[in-house]
Amino acid sequence: MAVTINGSTGVQLDDNDKQQFGTDNDLDISFNGTNGWIDCNQGSLYIDTTANIVARVNNNEDAIKAIANGGVELYYNGVKKFDTTSDGTDLRGTVHRVEGVLRPYNANTWDIGTTSDRWRNIWMENDLYIADNGM
């Protein structure tokens with residue numbers, strides 16, 4: 001195990017060595033030459049900041065963003081596909097598969113479309129049931 005301490009890199013460990021924290025080595029940070037790990041062996045792992053948290057892949061491709069005082073955004077290949085908003089969620093693209101039943105959070109509270117934003121087609125394999133309860 002080689003440890004190098006200097007002004008420009010701080011503490012530098014060799015591949016396959018790990019930095020351990022806690023009385024019982026509760027938190028490990030390691031790199032094996034190919035992949036890196038943060039391993040929390042006790043309790044929860046918190047990332048705390050006064051700004052945003054951004055997880056990137058390929059050095060610059062956004063994957064997940066947690067916006068300070070705002071929403072959470074999910075990306076596919078660097079393109080935003082889903083985010084939370086102050087009044088719900090926004091989904092971009094096509095829903096390819098929804099297993100089970102799509103239901104409103106509370107009965108009689110959600111609509112499909114509006115008087116100006118209408119669905120163009122509804123494709124059904126079997127019978128279509130529409131109820132008008134005098135609303």
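Colleague: What percentage of the 135 residues in the protein chain is buried?

Modeller: This is a predicted model, in which local features need pLDDT of at least 70 and side-chain atom pairs count only at pLDDT 80 or more, while totals for chains, interfaces and linings use all residues. Residues are numbered from 1 along each chain as its sequence is written, and side-chain values use heavy atoms, with hydrogens and water left out. Buried means under 20% relative accessible area, exposed over 50%, and partly exposed in between, with a 1.4 Å probe and protein chains only. By that rule the buried share of the 135 residues is 7%.

Colleague: How many helices and strands are in the protein chain?

Modeller: Helices (H or I, at least four residues) and strands (E, at least two) are DSSP runs, numbered from the N terminus. From the N terminus on, the elements run β-β-β-β-β-β-β-β-β-β. The count is zero helices and ten strands.

Colleague: Which strands are at the edges of the open sheet of three strands?

Modeller: Two strands pair if DSSP finds at least two bridges between them. The sheet has the order β3-β4-β5 with antiparallel pairing, and four bridges join β3 to β4 (residues 27-31).

Colleague: Which residue in β10 is the bridge partner of F82?

Modeller: β9 (residues 79-85) and β10 pair in the antiparallel sense over four bridges. In β10, the partner of F82 is L91.

Colleague: Is A66 buried, partly exposed or exposed?

Modeller: A66 is in strand β7 (residues 61-66). Leaving out residues up to four places away in sequence, A66 touches N52, I53 and G71, where contact means heavy atoms within 4.5 Å. The C-alpha atoms of A66 and I53 are 5.1 Å apart, at 13 residues apart in sequence. Because its relative accessibility is 29%, A66 counts as partly exposed.

Colleague: What about T50, buried or exposed?

Modeller: T50 lies in the loop between β5 (36-40) and β6 (53-57). With a relative accessible area of 82%, T50 is exposed.

Colleague: How do the residues of the lining of the second largest pocket divide into nonpolar, polar and charged?

Modeller: On a 1 Å grid over the protein atoms alone, a pocket is an open set of points where a 1.4 Å probe fits, with protein on both sides within 12 Å along at least five of seven lines; lining residues have an atom within 4 Å of a point. The second largest pocket has a volume of about 660 Å³, and of its twelve lining residues the closest to the centre are I112, I122, L128, Y129 and I130. Ala, Val, Leu, Ile, Met, Phe, Trp, Tyr, Cys and Pro count as nonpolar, Asp, Glu, Lys and Arg as charged, and the others, Gly among them, as polar. The lining is nine nonpolar, two polar and one charged.

Technical notes: Grid points are joined across faces, edges and corners, and a volume is the space filled by probe spheres set on the points.
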